[in-house]
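Q: Hey, I've just opened this one and I'm new to it. Can you walk me through it?

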Amino acid sequence: MELSRSLAAQFGTTLPGRLAVRGEHTREVGAVGFERLMRMKHRPVEVFCANDAVAIGAMDEAEELGVGIPGEVALIGHDDAQFASLGRPRLTTVTYPAVELGRAAAQPLVERLNGRVPRKTVHVKAEFISRGTV
């Protein structure tokens with residue numbers, strides 16, 4: 001949830017706590033969380049999931065509830081897992097290049113080992129993979 005709030009802050013907005021669903025990053029939690037969001041009086045029209053497994057669970061629940069993806073709710077996953085492009089509609093997702101992410105994660109350790117103070121922020125370019133859920 002803190003990541004979601006941090007991302008919202010970067011875009012000059014806030015994320016109300018009632019819109020952030022906590023839980024394991026599983027398909028089952030995605031279904032439960034999506035149902036909770038859809039039962040709200042003012043339900044969201046866009047849902048960003050912590051990973052693609054959570055997003056697939058949300059898609060499952062959308063079908064159960066009769067909520068159109070993407071017609072009524074746009075849905076985005078995160079990871080670009082192999083299964084993300086298998087369902088219908090195919091899952092829109094965000095991914096990071098693994099090699100670049102590994103380098104960025106190791107950089108602060110390398111800086112410390114070389115006696116330097118590591119940067120507090122490391123930037124890695126994300127890739128938006130547009131498929132059928134937005």
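This is a predicted model: local features need pLDDT of at least 70, side-chain atom pairs count only at pLDDT 80 or more; totals for chains, interfaces and linings use all residues.

Q: Good to know. How many helices and strands does the chain have?

A: There are 4 helices and 4 strands. Going along the sequence, they come in the pattern α-α-β-α-β-β-α-β.

Q: And what share of the residues is buried?

A: Of the 134 residues in the chain, 32% are buried.

Q: What about contacts between residues at least 6 apart in sequence: what percentage join residues at least 24 apart?

A: That would be 63%.

Q: Let's zoom in on β3. Which residues are on each side of it?

A: Thr-92 and Val-94 sit on one side, with Thr-93 and Thr-95 on the other. These four are all buried, which leaves both faces of β3 covered. In general, side chains in a regular strand alternate between the two faces of the sheet.

Q: Which strands are joined to β3 by bridges, and which way do they run?

A: β2 and β3 run parallel, with 3 bridges joining them. On that side of the pairing, Gly-77 stands opposite Thr-93. β3 and β4 run antiparallel, also with 3 bridges, and here Val-94 is opposite Phe-128.

Q: Back to Thr-92: buried or exposed, and why?

A: Thr-92 counts as buried because its relative accessibility is 0%, and the cut-off for buried is under 20%.

Q: What is Thr-92 in contact with, leaving aside its neighbours within four places in sequence?

A: Quite a list. It includes Leu-75, Ile-76 and Gly-77, and also a run from Phe-128 through Ile-129, Ser-130, Arg-131, Gly-132 and Thr-133 to Val-134.

Q: New topic. How many salt bridges does the structure hold?

A: It holds 4. In general, side chains of opposite charge can pair when their charged atoms come close.

Q: Give me one. What does Asp-60 form a salt bridge with?

A: Its partner is Arg-27, and the closest N and O atoms are 2.6 Å apart. Asp-60 is in helix α3 and Arg-27 in helix α2, so the pair ties together parts that are 33 residues apart in sequence. Asp-60 is partly exposed at 31% relative accessible area, and Arg-27 is partly exposed too, at 43%.

Q: Where does the Arg-43 and Glu-72 pair sit in the chain?

A: Those two form a salt bridge with their closest N and O atoms 2.7 Å apart. Arg-43 is in the loop between α2 and β1, while Glu-72 is in the loop between α3 and β2, so to speak linking distant parts of the chain, 29 residues apart. Arg-43 is partly exposed at 33%, and Glu-72 is partly exposed at 39%.

Q: Last one: where does α4 bend?

A: At Gln-107, by about 35°, and a proline, Pro-108, follows within four residues. After α4 comes Gly-115, whose phi is positive, near 80°.

How values were computed: Residues are numbered from 1 along each chain as its sequence is written. Side-chain values use heavy atoms; hydrogens and water are left out. The bend at a residue is the angle between axes fitted to the seven residues ending there and the seven starting there. Helices (H or I, at least four residues) and strands (E, at least two) are DSSP runs, numbered from the N terminus. Buried means under 20% relative accessible area, exposed over 50%, partly exposed in between (1.4 Å probe, protein chains only). Contact means heavy atoms within 4.5 Å. A salt bridge is a side-chain nitrogen of Lys or Arg within 4 Å of a carboxyl oxygen of Asp or Glu. Two strands pair if DSSP finds at least two bridges between them.
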